[in-house]
Amino acid sequence: MERNAGKVLSDVHMLLQGETASVCGSELTVSRFFFQIPKPLEKHFLGQPVGGECRQADQTTFTDTSTLTQSPSAQRACLKNADDVSQETCGEFDQDGDLVLQRPPPAVMDKRAVVTIVHAMATDLEDVGQQVWLGALLLCDFLLHTTGLMEGAVVLDLGADHGDGILRLAQQNFHSNGSLPLKAKFCVRELNWMAEDPLSIDHHGQAENEESFRLTATDLKTLQQCEVLLAAEVVYDQDLTDAFFRILYAILAAPPAKVVYMTVEKRQVFTTSALDIVSPAYTHFRENLADLSSVDEGPVRFVCSQVDTSFPQYFQYQRTKELELWKIETLFPNG
């Protein structure tokens, strides 16, 4: 992570020089993340037809995160106004105003594939969730390595950002990667972590949100049946970490049994108050994890364990010992 003039830049983006293109001035960037195709998945990637038909299956994936730096109104104007974006830089817009990105065929000569993401580059500290971070690539590596982990499952991807434009971009990023063999139904909804009762639709009907992103009773019923939860580097702020564990408990406390895979990076800073190098965000995360592990009342128990990250690396990034993957499993002792 690099800091410059009050801005923060993810290490991921520093490694993408030559593979980025500005969109709408310098606010948005298109990046192509190449990854090696695992051998068990070669038949899916190298022999899969291109198009939306790849996404029709019985798997459901929720996400509530994406990446933008502008205000929601500015984001919508930016994404919908083709005159603001160079056609040579990032393609054209469809009839709904979504950006159509130019992307290579799903199979390339050296058995690599590519994910194309529109995101922010350097941001203010409070907006770092709008970038792509190392933990996201580590989580992707893990999912590529554990083939079949999410097959047929309802999956919830918890993200730390919210807002109309961010949700719209998350949806766009999914559809922009239609050449990948994604056998899943997919929807984007806003899930308010800070709400007193986050799993109530009463807290998700704000007028400023688009109708398509509002959580409905049907969505909640599907969400409550999720079996796998994913979260990549969403605990970098103490208040946000507390909110994350509250909503995590609310989702995990009801059957069926679930498993959570989340990444976190232990970022160390020197503080004058302690006159030492510390990692307050990581320490607070571990305290919340310990509290969850100690739950011994109620219908559910939690088993928290750190996952060995020596599995193969498919994306290009620096995997350090500070980058961790955690697994949380639920047990219902009384059935």
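View 1. The model is predicted: local features need pLDDT of at least 70 and side-chain atom pairs count only at pLDDT 80 or more, while totals for chains, interfaces and linings use all residues. Residues are numbered from 1 along each chain as its sequence is written, and side-chain values use heavy atoms, with hydrogens and water left out. Leu 289 is found in helix H9; helices (H or I, at least four residues) and strands (E, at least two) are DSSP runs numbered from the N terminus. Leaving aside residues up to four places away in sequence, Leu 289 touches Phe 245, Cys 304, Trp 326 and Ile 328, where contact means heavy atoms within 4.5 Å. Val 303 is 14 residues from Leu 289 along the chain, and their C-alpha atoms are separated by 9.7 Å.

**View 2. The buried face of helix H9.** The 14 residues of H9 should span 20 Å at 1.5 Å a residue, and the end C-alpha atoms are 20 Å apart, which agrees. The expected span is 1.5 Å times one less than the number of residues. Tyr 282, His 284, Phe 285, Asn 288, Leu 289 and Leu 292 are buried in H9. Seen down the axis of H9, these buried residues fall within an arc of 160°, so they line one face of the helix; the arc is that of the directions from the helix axis to the C-beta atoms. Their cover includes helix H8 (238-252), S12, strand S15 (301-307) and strand S16 (323-331).

**View 3. The second largest pocket.** About 480 Å³ of space lies in this pocket. Strand S12 (259-265) and helix H9 (280-293) are the elements that give two or more residues to its lining. H9 gives the largest share, three residues. A pocket is an open set of points on a 1 Å grid over the protein atoms alone, where a 1.4 Å probe fits, with protein on both sides within 12 Å along at least five of seven lines; lining residues have an atom within 4 Å of a point. Grid points are joined across faces, edges and corners, and the volume is the space filled by probe spheres set on the points. Of the 20 lining residues, Leu 125, Tyr 236, Asp 237, Arg 267 and Ala 281 lie nearest the centre. The lining divides into twelve nonpolar, two polar and six charged residues.

**View 4. Helix H5 and its neighbours.** H5 (residues 134-145) has twelve residues and reaches 17 Å from its first C-alpha to its last, close to the 16 Å expected at 1.5 Å a residue. Its buried residues are Leu 134, Gly 135, Leu 137, Leu 138, Leu 139, Asp 141, Phe 142 and Leu 144. They pack against helix H1 (11-14), strand S4 (28-36), strand S11 (228-232), S12, S15 and S16.

**View 5. Backbone details in two loops.** Most residues other than glycine have a negative phi, and most peptide bonds are trans. Glu 233 has a positive phi of about 50° although it is not a glycine. Glu 233 sits in the loop between S11 and H8 and is buried, with a relative accessible area of 8%. Pro 255 and Pro 256 are joined by a cis peptide bond, with omega about 5°. Pro 256 lies in the loop between H8 and S12.

How values were computed: Nonpolar A, V, L, I, M, F, W, Y, C, P; charged D, E, K, R; others polar. Buried < 20%, exposed > 50% of the residue type's maximum accessible area, 1.4 Å probe, protein only.
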